[in-house]
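I opened my notebook to keep track of what I looked up, one entry at a time. Have the model open beside you and follow along.

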Amino acid sequence: MSPAGRRVAARTAGTAALAVPGAFVAAAAWSRRWLSDDGFIALRVVRMVTSGHGPVFNAGERVEAATSPLWVGLLAAADVATPVRLEWLAVLLGIAATVTGLALAVAGAARLWGGGSPVERPVVLPAGALAAAAYPPLWDHASAGLETGLVVAWIGACTWALAGWARGRAERVPAVMAVLLGLGPLLRPDLVVVAAVLVVAVLIGTRAGPGRSGAGERVRVVAVAAVPAATLQLARMGWYATVVPTPVLAKEGGRAWWAQGWRWLADAAGPYRLWVPAAIGGALLVTLAVRTGVPARVRLVGGALWVAGLLWLAAIVRAGGDFMHGRLAVPALVLLAAPVAAVPLPTRGWRAKPGPGVAGAVVVAGLTGLAVWALVVAAGARPPAPDLRRAVNDVRAFSVALTGRAHPVTLADWGAGPGGPWRFRAVSGVELYDGLRPAQVRGRAVRPRPGLRTPTTVA
């Protein structure tokens, strides 16, 4: 085979390898499909929307119950447009969004670091995408009925768009990209941290163009990026008569609770040794960024995604974390993995500091280390067993241990009809699903009632 043929074959094999993380996540998430109890809150709000009562939990009570307006809107549109049951829509759209986001992150990282002409472009292999794909909470929360999958899709889309902007020659920032970056607060209120970091990175990388100043272009970017959040804020104040989301008030989102946050982080990262892929990913990012000839915008985008992941993690730890095992660690891991979701193999043309040989060795060692870690974690690492005395639990495993199924209630059991009461099917001696978090049950024994039938929508 000629050298050109070998290069084509190698690139083809590398392209096939890039699809492995997404395919694995699709299979793993489908095998662990379920709906969390918090997911049913979003489904009930969707039912209220499609029934004409607006985005409320109970008809006639203008209280904001859902955390993610964009996720509720997507589910409502799909519910109107398709004959598929709403519970299944939440499962299918969540998994599809997760896989799409991972694929976009891989494509964006390949776009970011590949460079060169199609003939000279190096072979690109999955790296950080392996770490995200091997994280078991990602499989569980892809289909949990919450916005996690859509958040992953947004991070992937931002990575892909920013990579195109970093590699492009146009001085004007695309308005579509600015709007995309500004969608963060519509997914989760705390994603304003991530959106702000990415917008600031674009402002830093924006240069003056012919006939206009750099300051004018930056003002335009900020104004366009602020449109989604400003529109949501006006709608919230007009409909709910509140300045901040009601869930933030209910959960005291402005209060710092560092001690519980560190306990949550230990629960989310400890069983999987997440600091291993984080350290490897950081080494890969630095190695790729210090190569000579890498555009400044490329370094800026890679660093911004990494900083956004760290700041998001710090914000979640400050707020006390979450009661669901690993759920809020998923966006942080995807953000840290995104800039190195795929990396190029070393070539003879590499020019790097301290030297192409050292840089190539770091890349090869990083790829090997991430692959080994991913295999070990995906094959055997598991979270601690559910325990009501703990403030953080694997909620899916808890539901299975309690009822033998992935979830003990259907949407009908939640009284999701128009104007229906918020009610629960009794599943145990304590009102576990009556809005209580596991930590609030205070360790009381939980045993299913003899002969109780607990139907589930997702088998």
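**Entry 1: H11 and H17**

I began with contacts, meaning heavy atoms within 4.5 Å. In H11, Val193, Val194, Val197, Leu198, Ala201, Ile204 and Gly205 meet Arg297, Leu300, Ala304, Leu305, Val307, Ala308, Leu311 and Trp312 of H17. By class, this contact of H11 with H17 holds 13 nonpolar residues, one polar and one charged. I noted the classes: Ala, Val, Leu, Ile, Met, Phe, Trp, Tyr, Cys and Pro count as nonpolar, Asp, Glu, Lys and Arg as charged, and the others, Gly among them, as polar.

A note on sources: this is a predicted model, where local features need pLDDT of at least 70, side-chain atom pairs count only at pLDDT 80 or more, and totals for chains, interfaces and linings use all residues. Residues are numbered from 1 along each chain as its sequence is written, and side-chain values use heavy atoms, with hydrogens and water left out.

Next I looked up the geometry. The axes of H11 and H17 (residues 296-319) come within 9 Å and cross at roughly 160 degrees. H11 is therefore roughly antiparallel to H17, a label for angles over 145 degrees. Axes here are lines fitted to C-alpha atoms over the stretch in contact, and angles run from 0 to 180 degrees between N-to-C directions.

**Entry 2: H11 and H12**

I then turned to another partner of H11. H11 (residues 192-205) packs against H12 (residues 214-225) at an angle of about 160 degrees, with the axes 10 Å apart. That makes H11 and H12 roughly antiparallel too. Val199, Val202, Leu203 and Ile204 of H11 meet Arg218, Val221, Val222 and Ala225 of H12. I found seven nonpolar, no polar and one charged residues in this contact of H11 with H12.

Most residues other than glycine have a negative phi. Which phi does Ala241 have? Ala241 has a positive phi of about 60 degrees, and I found Ala241 in the loop between H13 (227-239) and H14 (246-250). Ala241 is exposed at a relative accessible area of 66%. Arg273 has a positive phi of about 50 degrees, and its loop runs between H15 (258-269) and H16 (275-289). Arg273 is partly exposed, at 46%. My cut-offs were under 20% for buried, over 50% for exposed and in between for partly exposed (1.4 Å probe, protein chains only).

**Entry 3: the whole protein**

Last, I checked the totals. The protein has 20 helices and two strands, taken as DSSP runs (H or I, at least four residues; E, at least two) numbered from the N terminus. Of its 459 residues, 51% count as buried.

Notes:
Angles under 35 degrees count as roughly parallel, over 145 as roughly antiparallel, 65 to 115 as roughly perpendicular and the rest as oblique.
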